[in-house]
Amino acid sequence: MKPFITDNFLLTNHTAVTLFHSVAKDLPVVDYHNHLNPLHLAENKQFKNISELWVTGDPYKHRAMRINGIPEHGITGSATDKEKYLNWVRTFPKTIGNPLFHWTCLELKHIFGIDDLLSEQNAVVVWDHCNVKLQEEGFRSVDLLRKWKAETVCISDDLLDDLTPHKKVTGRNSGLTVLPSLRSDSIIAFETRGFTDWLAKLSESTGMIKNLDQYKVAIIAKLDHFDAAGCRLSDHSLDGGFAFDFSSGSNPDKLFTSHISGTQLSEKELNQLKTHLLVFLGQEYGKRNWVMQLHMGAQRYTSSRLRRIAGPAGGYATIGQSCDIKGLCTFLDMLEQKEKLPKTILYTLNPTDNAAFATLTGSFSEDGIAGKVQFGPAWWYNDHYDGMRQQLITLSGYGLLGHFIGMTTDSRSILSFSRHEYFRRLFCNLIGEWVENGHLPNDAGLLSQLVTDISYNNSKKMIEHDS
């Protein structure tokens, strides 16, 4: 059978072939939002088998396997690594049309040199081949990232996480810079079971927390710690029942004190307290010249059974309601009026928000700052072929494509860095279509700069605090 992943995979026109191979292909990768394990990178972990690397921690695959009827025991349960791998192999042929089909082929081809389509017939041969490779030098965690040309990765970390592993990797002079990125959800996760324990740990680390002012002082101390460690981005997941609430009669100090004393707040009161703290945090990010990422549109509470079995990020979430645009604009406007609006990336899981988010890139600006507000890349369920193209088309129609910050993985898997190559191929193909349809001039300099900026330069400048 002819190899599926050829040099010109997804490149359907001459301009696309030229742009990808002469410009995009060999550019370094800046991945500004992911959930990799920093300890794996610090120890340059050697994975014992392909399942541990590729299947065990990938909610994308877990979701597909559930849809395919695989019992949970064979996905996240006590089945052996090989059994879980074989369950993924059984699922893979059913993923036609899903990006998992393309990503699987890309990863096997470029990391392990496998051209054959994965199947139950060759599953054991592929298992043995990959496992042998993973024991060779050059196939540890950092080595695998470098095979994808990763230059800088920003890992999502909780406010209480140890940041020394990031420094250890960066100091190894392997060509890879690993920076922390603050995942701020815990700060406003008042209604979750773990908040009381989390707050106690924060108090142990920073001092007594009995009121909102002390809470803010503790948060500021931790933000300073992150800043000193090279943090450049924060991230908030604003989904579920959250809605911005700027009610003038709210008393956030009283609400916070009541909550930590054991009083159960109403949903409205929780939203008022969260909104107050989001404004506080936004100002703190602005002071530090951080980028604020807002992920919206996910409905994470679906199956209680799967949440209990697989945890809060087990691959069973779905697309939620569209964003409260009015509330979002009020939030950004409040920060702008205080002259503390940070650079902001808006992600939506609900594609009905695409046009609204694309137009918001022109609603808030700052003199001399290009791309102050970004419509982030196609996120999560939208990072398939059509979803990525539609995000690019919508942004170009309503904003300035040339300032777009390109792709990020938002993944826990090292092999998911295949998404950068996937994005670059389809982006070059889209630009090539526009050129060959007469929608863009065939100007090599103009096109090369566009591809270079979106694939690499813009994200690199963002991380380096370069306006």
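This is a predicted model: local features need pLDDT of at least 70, side-chain atom pairs count only at pLDDT 80 or more; totals for chains, interfaces and linings use all residues.
Hi everyone. A residue counts as exposed when its relative accessible area is over 50%.

Lys201 sits in helix H10, which covers residues 195-206. Its relative accessibility is 54%, so Lys201 counts as exposed. Leu160 is 41 residues away from Lys201 in sequence, yet their C-alpha atoms are 7.9 Å apart in space.

Next, a helix pair. Two packed helices are described by the angle between their axes and the distance between the axes. For H5 (residues 81-91) and H7 (residues 123-134), the axes come within 11 Å and cross at roughly 125 degrees. That angle makes H5 oblique to H7, and their crossing is right-handed. Which residues in H5 and H7 meet? From H5 we have Asp81, Lys82, Tyr85, Leu86 and Val89, and from H7 Ala123, Val124, Val126 and Trp127. Sorted by class, this contact has seven nonpolar residues, two charged and no polar ones.

The structure holds 22 aromatic pairs. Take Phe423 and Phe427: their ring centres are 5.8 Å apart and their planes are at 10 degrees, so this pair is stacked. Both belong to helix H18, residues 418-436, and because they are four residues apart there, about one helical turn separates them. Buried or exposed, what is Phe423? At 3% relative accessibility, Phe423 counts as buried, and Phe427, at 0%, counts as buried too.

Elsewhere on the aromatic theme, Phe4, Phe9, Trp88, Phe92 and Phe101 form one cluster.

Methods. Residues are numbered from 1 along each chain as its sequence is written. Side-chain values use heavy atoms; hydrogens and water are left out. Axes are lines fitted to C-alpha atoms, for helices over the stretch in contact, and angles run from 0 to 180 degrees between N-to-C directions. Helices (H or I, at least four residues) and strands (E, at least two) are DSSP runs, numbered from the N terminus. Angles under 35 degrees count as roughly parallel, over 145 as roughly antiparallel, 65 to 115 as roughly perpendicular and the rest as oblique. A crossing is left-handed if the near helix is turned anticlockwise from the far one by less than a right angle, and right-handed if clockwise. Contact means heavy atoms within 4.5 Å. Ala, Val, Leu, Ile, Met, Phe, Trp, Tyr, Cys and Pro count as nonpolar, Asp, Glu, Lys and Arg as charged, and the others, Gly among them, as polar. Buried means under 20% relative accessible area, exposed over 50%, partly exposed in between (1.4 Å probe, protein chains only). Rings of Phe, Tyr and Trp (its six-membered ring) pair if their centres lie within 6.5 Å; planes under 30 degrees apart count as stacked, over 60 as edge-to-face and the rest as tilted.
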